[in-house]
Amino acid sequence: MLAIVHSEPEKVRYCEGYDRDETPWLRQSEVFGFTFADCTTELLKLWNLSDTIIQPIAEFNRAEGEPLPDNSKLLYIASRLAVINAEPGIYAKEALINLDILDDLGISLDGINESLEYCNLQGILLLATFPLQGRKR
């Protein structure tokens, strides 16, 4: 997104305005003809990073349509959880995450919920170490 926002800020803003009826990556594909993950993949290739880093990023949005390695499936789950966590109440986990992929990896929905709760708590604790003060005028 950062690579695109400078040249197309309005389109990026539109992509970020997704709702329950569509996903961010669907909007990105409709507006740009590619997803931000696709753009990231191309940048990583230009930077000559290892295929072990590039491959999951290139594949994770296709996890529901074809058999993929576990690292791509894990990134698929992580990306969906990030969207769910960033916009609470828009998506149910069961609607956004293919439960068969969780089963393939031996991950339960309860395990996902526990992990999210733990990560959110750790995030709050981390933010608490950086007290924010009001801006002076």
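The protein has 9 helices and 0 strands, with helices (H or I, at least four residues) and strands (E, at least two) taken as DSSP runs and numbered from the N terminus. Read from the N terminus on, then, the elements simply go α-α-α-α-α-α-α-α-α. This is a predicted model, so local features need pLDDT of at least 70 and side-chain atom pairs count only at pLDDT 80 or more, while totals for chains, interfaces and linings use all residues. Residues are numbered from 1 along each chain as its sequence is written, and side-chain values use heavy atoms, with hydrogens and water left out.

As for overall dimensions, the C-alpha trace spans about 55 × 40 × 35 Å along its principal axes. Of the 137 residues, 31% count as buried; buried here is under 20% relative accessible area, exposed is over 50%, and partly exposed is in between (1.4 Å probe, protein chains only). Among contacts with a separation of 6 or more, 39% come from residues 24 or more positions apart, a contact being heavy atoms within 4.5 Å.

Now to the cores. A nonpolar core is a set of buried Ala, Val, Leu, Ile, Met, Phe, Trp, Tyr and Cys residues joined through side-chain atoms within 4.5 Å. The largest one holds 23 residues, and Tyr 76, Ile 77, Leu 81, Tyr 91 and Ile 97 touch the most other members. At least two residues of this core come from each of helix 4, helix 5 (51-59), helix 6, helix 8 (99-105) and helix 9 (109-128), and helix 6 gives the most, with 5 residues. There is also a second, separate core of 6 residues, with Ile 4, Cys 15, Phe 32 and Cys 39 among them.

Next comes the largest pocket. On a 1 Å grid over the protein atoms alone, a cavity is a set of points where a 1.4 Å probe fits but cannot get out, whereas a pocket is an open set with protein on both sides within 12 Å along at least five of seven lines; lining residues have an atom within 4 Å of a point. The largest pocket has a volume of about 290 Å³, which is the space filled by probe spheres set on the points, with grid points joined across faces, edges and corners. Its lining has 16 residues, and Pro 24, Trp 25, Gln 28, Ser 79 and Val 83 lie nearest its centre. Helix 3 (24-32), helix 4 (36-46) and helix 6 (70-86) each give two or more residues to this lining, with the largest share, 6 residues, coming from helix 6.

Helix 3 has its own buried set: Pro 24, Trp 25, Arg 27, Gln 28 and Phe 32. Seen down the helix axis, these residues fall within an arc of 155°, so they line one face of helix 3; the arc is that of the directions from the helix axis to the C-beta atoms. Their cover includes helix 1 (2-5), helix 2 (9-15), helix 4, helix 6 and helix 7 (93-96). Gln 28 is buried at a relative accessible area of 7%. Not counting residues up to four places away in sequence, Gln 28 touches Cys 15, Gly 33, Phe 34, Thr 35 and Phe 36. Gly 33, which follows helix 3, has a positive phi, near 85°.
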